Amino acid sequence: MLTTTSTRVVDPGELDDVLAILHREPVNNAFIASRVHAAGLDAVRLGGEMWGWYQRGRLSALCYAGANLVPLCAGPEAVRAFAERARRQGRRCSSIVGPAGPTSGLWSYLEPHWGPARDVRAHQPLMVTREVPHDVAPDPLVRRIRKDEMDVVLPACVAMFTEEVGVSPLAGDGGLVYQSRVAELVGAGRSFARVEDGEIVFKAEIGAATPHACQIQGVWVTPKRRGQGLSETGMAAVLRYALQEVAPVASLYVNDFNEAARATYRRVGFREVGAFMSVLF
C-alpha cells in the first residue's frame with residue numbers, strides 16, 4: 001500500500017502537535033523547543049519557518065528553517081523531503097545543525113547544490129547530566145550577568161564565538177542579531193560569568209530551556225587564565241543554577257577534537273549519549 005506524504009509550513013494552530021514531536025527527544029530538540037515554547041509557530045517571532053512532514057495527513061517530523069536548518073525527529077524519508085524543499089528554496093541559512101544522523105542525510109542531498117561548506121564538523125559529542133557534581137565545588141564568584149553589564153559580557157561572547165566558529169558574529173549586519181540574542185539571554189537570567197576587575201574570565205549561558213531539558217552553550221575562559229581550573233568550577237556553578245532552577249537535565253555538545261573541553265565536562269559529571277553534526281557556511 002502506498003503511503004501519501006507531503007511537506008509544508010506548519011500552521012500555527014498545530015502547536016500542540018509540534019510540541020508533541022519535539023518532546024519525543026527533549027534533549028536533542030531543546031534548542032528549537034525552547035524557541036517554540038517562547039514564540040509559538042509565528043515565523044517572525046520564531047525567527048524562521050517550521051516545516052512539517054506529513055504521512056496520511058498526520059504531522060510526523062519537523063525541520064526548522066531559519067538562520068540554521070535543523071532536522072527534528074526526522075527519519076530518512078522525511079530528511080529527503082526536507083532536503084528537496086531546502087534545495088528548491090535555495091540556501092538562506094548559515095549552518096545545518098542537529099543530531100548527526102539526519103543532519104548528515106540532509107547534507108548528503110544538499111552538498112551538490114550548496115557546497116562546498118566552510119567547515120563540516122561531522123561528530124560533535126552530545127553530553128548530558130542530571131546531577132550537580134559532588135567532588136567539584138561550584139565557583140562562588142560565578143553569577144548571573146546583570147542587564148547593565150552588556151558592555152562587559154558582549155566582548156567575551158564575541159571572542160568565544162569567533163574562536164569557536166571561525167568568523168566574527170559582528171560581520172554582516174554589524175552584530176545586531178547577535179547582540180540581540182546575547183541581550184535576550186542576559187534579560188532571561190541565563191547568562192553567567194565570573195567577573196574580575198570589570199573583565200570576564202569565565203562565562204557560559206543556558207542557551208535553551210524547556211520544562212524537560214536545558215542546553216548549556218558558550219563556555220569560555222579568557223586565554224590568559226586557562227589551565228587554572230576555572231572551567232570546572234565555573235561549569236559546576238552553572239550546573240547548580242541549571243538543574244535546580246531550570247530543568248531536570250542539562251546538555252551540551254562539543255567538538256570531538258576539543259579534548260580539553262570534553263575532559264572538563266566529564267569531570268563535572270557529563271556523559272556522552274550521542275552526537276550532533278554542524279555544517280558551517
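**Helix α2 and its burial**

Reply: Start with helix α2, residues 30-39. Seven of its 10 residues are buried, so the helix is largely enclosed by the rest of the structure. Bear in mind that this is a predicted model.

Me: Which residues of α2 are the buried ones?

Reply: They are A30, F31, I32, A33, S34, V36 and A39. Buried here means under 20% relative accessible area.

Me: Why is N255 called buried?

Reply: The cut-off is under 20% relative accessible area. N255 has 5% relative accessibility, so N255 counts as buried. N255 lies in a loop, between β11 (250-253) and α9 (259-267).

Me: What makes the pair N255 and Q124 a polar contact?

Reply: The limit for a pair of N or O atoms is 3.5 Å. The side chains of N255 and Q124 are joined at 2.9 Å. That value is within the limit, so the label holds.

Me: Which residues does N255 touch, leaving out those up to four places away in sequence?

Reply: R121, Q124, P125, E164 and R262. To touch, heavy atoms must come within 4.5 Å.

Me: Where is E232, and what joins its side chain to R267?

Reply: E232 sits in helix α8, residues 230-246. A polar contact of 2.6 Å links the side chains of E232 and R267. The limit is 3.5 Å, so this pair also qualifies. Leaving out residues up to four places away in sequence, E232 touches V136, T264, R267 and V268.

Me: Now the whole chain. How do you know that its radius of gyration agrees with a compact globule?

Reply: For 281 residues, a compact globule would have a radius near 19 Å. The protein chain has 19 Å, so the two agree. The C-alpha atoms fill a box of roughly 65 × 35 × 35 Å along the principal axes.

Me: How many helices and strands does the chain have, and what share of its residues is buried?

Reply: The protein chain has nine helices and 12 strands. Of its 281 residues, 51% count as buried.

Me: What share of the contacts with a separation of 6 or more joins residues 24 or more positions apart?

Reply: Such pairs account for 69% of those contacts in the protein chain.

Me: How far apart are the mean positions of the positive and negative charges?

Reply: They are 3 Å apart, for 31 positive and 30 negative charges.

Notes
Residues numbered from 1 in each chain as written. Predicted model: local features only at pLDDT ≥ 70, side-chain atom pairs only at ≥ 80, totals over all residues. Heavy atoms only, no water. Helix = DSSP H or I, 4+ residues; strand = E, 2+ residues; numbered from the N terminus. Rg over C-alpha atoms; globule rule 2.2 N^0.38 Å. Buried < 20%, exposed > 50% of the residue type's maximum accessible area, 1.4 Å probe, protein only. Lys, Arg positive; Asp, Glu negative; His and termini not counted. Charge placed at Lys NZ, Arg CZ, Asp CG, Glu CD. Polar contact = N/O pair within 3.5 Å; in protein donor to acceptor, adjacent residues only side chain to side chain.
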